[in-house]
Amino acid sequence: ADFWLFLGDEILVDANHHLMQQRFDDEEAFLICGMVPTKEPERIRRNYTLAFDEETRQVWRLVEKPVRPFTPYIGTGHCVFRNEILGYMDLMPNDPRTGNKELAGLIQYAIDVGEKVLCHSFDEMFHYVNINMYEDYLRLEAMLVG
(Lines give C-alpha, C1' and ligand atoms only; values in the text may rest on other atoms or scores of the structure.)
Protein backbone atom coordinates (compact mmCIF):
# COMPACT_ATOMS: atom_id res chain seq x y z
CA ALA A 1 0.00 0.00 0.00
CA ASP A 2 1.01 3.63 -0.31
CA PHE A 3 2.69 4.89 2.86
CA TRP A 4 3.97 7.80 4.92
CA LEU A 5 7.59 8.20 5.98
CA PHE A 6 8.42 10.11 9.15
CA LEU A 7 12.13 10.26 9.94
CA GLY A 8 12.64 9.90 13.67
CA ASP A 9 15.08 12.80 14.04
CA GLU A 10 12.61 15.34 12.64
CA ILE A 11 9.97 16.76 14.91
CA LEU A 12 7.06 18.71 13.42
CA VAL A 13 4.49 19.99 15.89
CA ASP A 14 1.08 21.19 14.64
CA ALA A 15 2.02 20.64 10.98
CA ASN A 16 -0.65 20.42 8.26
CA HIS A 17 -0.05 16.79 7.26
CA HIS A 18 -3.71 16.33 6.31
CA LEU A 19 -3.34 18.91 3.50
CA MET A 20 -0.27 17.07 2.25
CA GLN A 21 -2.19 13.79 2.09
CA GLN A 22 -5.11 15.47 0.34
CA ARG A 23 -2.79 16.95 -2.30
CA PHE A 24 -1.07 13.58 -2.80
CA ASP A 25 -4.47 11.98 -3.46
CA ASP A 26 -6.04 14.80 -5.51
CA GLU A 27 -3.04 15.26 -7.83
CA GLU A 28 -2.24 11.55 -8.09
CA ALA A 29 1.39 12.19 -7.22
CA PHE A 30 3.95 9.40 -7.15
CA LEU A 31 5.39 11.00 -4.05
CA ILE A 32 5.18 14.25 -2.18
CA CYS A 33 7.87 15.50 0.15
CA GLY A 34 7.55 18.10 2.83
CA MET A 35 9.65 21.22 2.96
CA VAL A 36 10.17 24.02 5.42
CA PRO A 37 11.13 27.60 4.53
CA THR A 38 14.11 28.97 6.43
CA LYS A 39 16.42 31.96 6.51
CA GLU A 40 19.23 29.84 7.99
CA PRO A 41 21.39 28.31 5.22
CA GLU A 42 23.36 26.27 7.77
CA ARG A 43 20.21 24.29 8.57
CA ILE A 44 19.73 23.53 4.86
CA ARG A 45 23.35 22.34 4.61
CA ARG A 46 22.61 19.68 7.27
CA ASN A 47 19.58 18.34 5.36
CA TYR A 48 18.56 18.49 1.71
CA THR A 49 17.09 21.19 -0.45
CA LEU A 50 14.90 21.10 -3.51
CA ALA A 51 14.15 23.10 -6.63
CA PHE A 52 10.60 23.10 -7.93
CA ASP A 53 8.09 24.87 -10.13
CA GLU A 54 6.47 27.56 -7.96
CA GLU A 55 3.05 27.15 -9.60
CA THR A 56 2.68 23.37 -9.84
CA ARG A 57 5.03 22.47 -6.96
CA GLN A 58 6.56 19.78 -9.17
CA VAL A 59 10.09 19.02 -7.99
CA TRP A 60 12.90 18.76 -10.53
CA ARG A 61 16.03 18.64 -8.34
CA LEU A 62 17.10 17.54 -4.86
CA VAL A 63 20.53 17.90 -3.32
CA GLU A 64 21.53 16.16 -0.10
CA LYS A 65 23.53 18.37 2.28
CA PRO A 66 24.25 21.10 -0.30
CA VAL A 67 27.46 23.06 0.14
CA ARG A 68 25.71 26.10 -1.35
CA PRO A 69 21.94 25.96 -0.80
CA PHE A 70 20.19 27.20 -3.93
CA THR A 71 16.72 27.62 -2.42
CA PRO A 72 15.52 28.77 1.01
CA TYR A 73 13.87 25.40 1.75
CA ILE A 74 14.81 22.48 3.94
CA GLY A 75 13.50 19.21 2.55
CA THR A 76 11.99 17.10 5.31
CA GLY A 77 11.80 13.40 5.97
CA HIS A 78 8.01 13.67 6.09
CA CYS A 79 6.91 12.22 2.75
CA VAL A 80 4.05 10.26 1.20
CA PHE A 81 5.00 7.55 -1.30
CA ARG A 82 3.30 5.28 -3.75
CA ASN A 83 4.21 1.72 -2.85
CA GLU A 84 5.97 1.34 -6.20
CA ILE A 85 8.85 3.47 -4.88
CA LEU A 86 10.14 0.35 -3.12
CA GLY A 87 10.99 -1.13 -6.53
CA TYR A 88 13.46 1.72 -7.09
CA MET A 89 15.57 0.93 -4.04
CA ASP A 90 17.73 -1.63 -5.86
CA LEU A 91 17.85 0.45 -9.06
CA MET A 92 18.98 3.79 -7.62
CA PRO A 93 22.68 4.53 -7.22
CA ASN A 94 24.38 4.85 -3.86
CA ASP A 95 25.30 8.36 -2.74
CA PRO A 96 28.89 9.03 -3.86
CA ARG A 97 29.75 10.77 -0.57
CA THR A 98 28.32 8.24 1.88
CA GLY A 99 28.23 5.05 -0.18
CA ASN A 100 24.68 4.50 1.11
CA LYS A 101 21.17 4.77 -0.29
CA GLU A 102 19.89 8.18 0.79
CA LEU A 103 16.33 9.53 0.88
CA ALA A 104 17.17 12.49 -1.36
CA GLY A 105 18.78 10.11 -3.85
CA LEU A 106 15.67 7.93 -3.93
CA ILE A 107 13.45 10.92 -4.55
CA GLN A 108 15.82 12.26 -7.24
CA TYR A 109 15.81 8.85 -8.91
CA ALA A 110 12.00 8.94 -9.10
CA ILE A 111 12.23 12.40 -10.68
CA ASP A 112 14.86 11.23 -13.16
CA VAL A 113 12.71 8.34 -14.39
CA GLY A 114 9.75 10.67 -14.95
CA GLU A 115 7.57 10.18 -11.88
CA LYS A 116 5.33 13.01 -10.65
CA VAL A 117 7.13 14.28 -7.56
CA LEU A 118 5.60 17.20 -5.70
CA CYS A 119 6.55 19.20 -2.65
CA HIS A 120 4.39 20.51 0.14
CA SER A 121 5.35 23.52 2.21
CA PHE A 122 4.50 23.24 5.85
CA ASP A 123 3.13 26.61 6.89
CA GLU A 124 4.67 28.90 9.47
CA MET A 125 2.11 28.02 12.15
CA PHE A 126 4.04 24.99 13.36
CA HIS A 127 7.39 24.11 14.87
CA TYR A 128 10.12 22.15 13.07
CA VAL A 129 13.31 20.81 14.58
CA ASN A 130 15.75 18.39 12.96
CA ILE A 131 17.83 16.92 15.73
CA ASN A 132 21.34 16.64 14.30
CA MET A 133 23.24 18.22 17.18
CA TYR A 134 22.77 18.77 20.89
CA GLU A 135 21.81 22.41 20.21
CA ASP A 136 18.90 21.12 18.11
CA TYR A 137 17.69 19.05 21.05
CA LEU A 138 17.87 22.14 23.28
CA ARG A 139 15.85 24.09 20.68
CA LEU A 140 13.17 21.38 20.72
CA GLU A 141 13.11 21.26 24.50
CA ALA A 142 12.70 25.06 24.74
CA MET A 143 9.92 24.98 22.13
CA LEU A 144 7.96 22.26 23.93
CA VAL A 145 8.38 23.77 27.41
CA GLY A 146 7.89 27.40 26.36
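Modeller: Read along the sequence, the protein follows the pattern β-β-α-β-α-β-β-β-α-β-β-α. Please keep in mind that this is a predicted model.

Colleague: How many helices and strands does the secondary structure come to, and what is the radius of gyration of the protein?

Modeller: The secondary structure comes to four helices and eight strands, and the C-alpha atoms fill a box of roughly 45 × 35 × 30 Å along the principal axes. Because a compact globule with 146 residues would have a radius of gyration near 15 Å, the value for the protein agrees with that expectation, at 15 Å.

Colleague: Among contacts between residues at least 6 apart in sequence, what percentage joins residues at least 24 apart?

Modeller: Of the 146 residues, 45% count as buried, and the accessible surface comes to about 8,100 Å², of which 53% belongs to carbon and sulfur atoms. For contacts between residues at least 6 apart in sequence, the share that joins residues at least 24 apart is 71%.

Colleague: Which elements do the buried residues of helix H3 pack against?

Modeller: Eight of the 10 residues of H3 are buried, so this helix is largely enclosed by the rest of the structure, and among the buried ones are Leu103, Leu106, Ile107 and Tyr109. Gly105, which lies in H3, counts as partly exposed at 28% relative accessibility. The buried residues of H3 pack against S1, S3, S4, S5, S6 and S7.

Colleague: Which residues are linked with Glu40 in a network of salt bridges?

Modeller: The side chains of Glu40 and Arg43 meet in a salt bridge at 3.5 Å, N to O, and Glu40 also forms one with Arg139, the closest N and O atoms being 4.0 Å apart. The latter pair links distant parts of the chain, since Glu40 is in the loop between S3 and H2 whereas Arg139 is in H4, 99 residues apart. Arg43 is buried, with a relative accessible area of 10%, whereas Arg139 is partly exposed at 34%. The residues linked with Glu40 in the network are Arg43 and Arg139.

Colleague: Which residue forms a salt bridge with Arg46?

Modeller: The closest N and O atoms of this pair are 3.4 Å apart, and the partner of Arg46 is Asp136. Arg46 lies in the loop between H2 and S4 and Asp136 in H4, so the pair ties together parts that are 90 residues apart in sequence. Arg46 is partly exposed at 23% relative accessible area, whereas the residue that counts as buried, at 3%, is Asp136.

Colleague: What accessible area do Tyr134, Tyr137 and Leu138 have together?

Modeller: Tyr137 lies in H4, residues 134-145, and counts as partly exposed at 38% relative accessibility. With Tyr134 and Leu138, Tyr137 forms a nonpolar patch on the surface, whose accessible area together is about 320 Å².

Conventions:
Residues are numbered from 1 along each chain as its sequence is written. This is a predicted model: local features need pLDDT of at least 70, side-chain atom pairs count only at pLDDT 80 or more; totals for chains, interfaces and linings use all residues. Side-chain values use heavy atoms; hydrogens and water are left out. Patches are made of residues with over 30% relative accessible area and no salt bridge: like charges are joined within 9 Å, nonpolar side chains (Val, Leu, Ile, Met, Phe, Trp, Tyr) within 5 Å. Accessible areas come from the Shrake-Rupley method with a 1.4 Å probe; for residues, only the protein chains shown count as cover. Helices (H or I, at least four residues) and strands (E, at least two) are DSSP runs, numbered from the N terminus. Buried means under 20% relative accessible area, exposed over 50%, partly exposed in between (1.4 Å probe, protein chains only). The radius of gyration is taken over C-alpha atoms; the globule rule is 2.2 Å times the number of residues to the power 0.38. Contact means heavy atoms within 4.5 Å.
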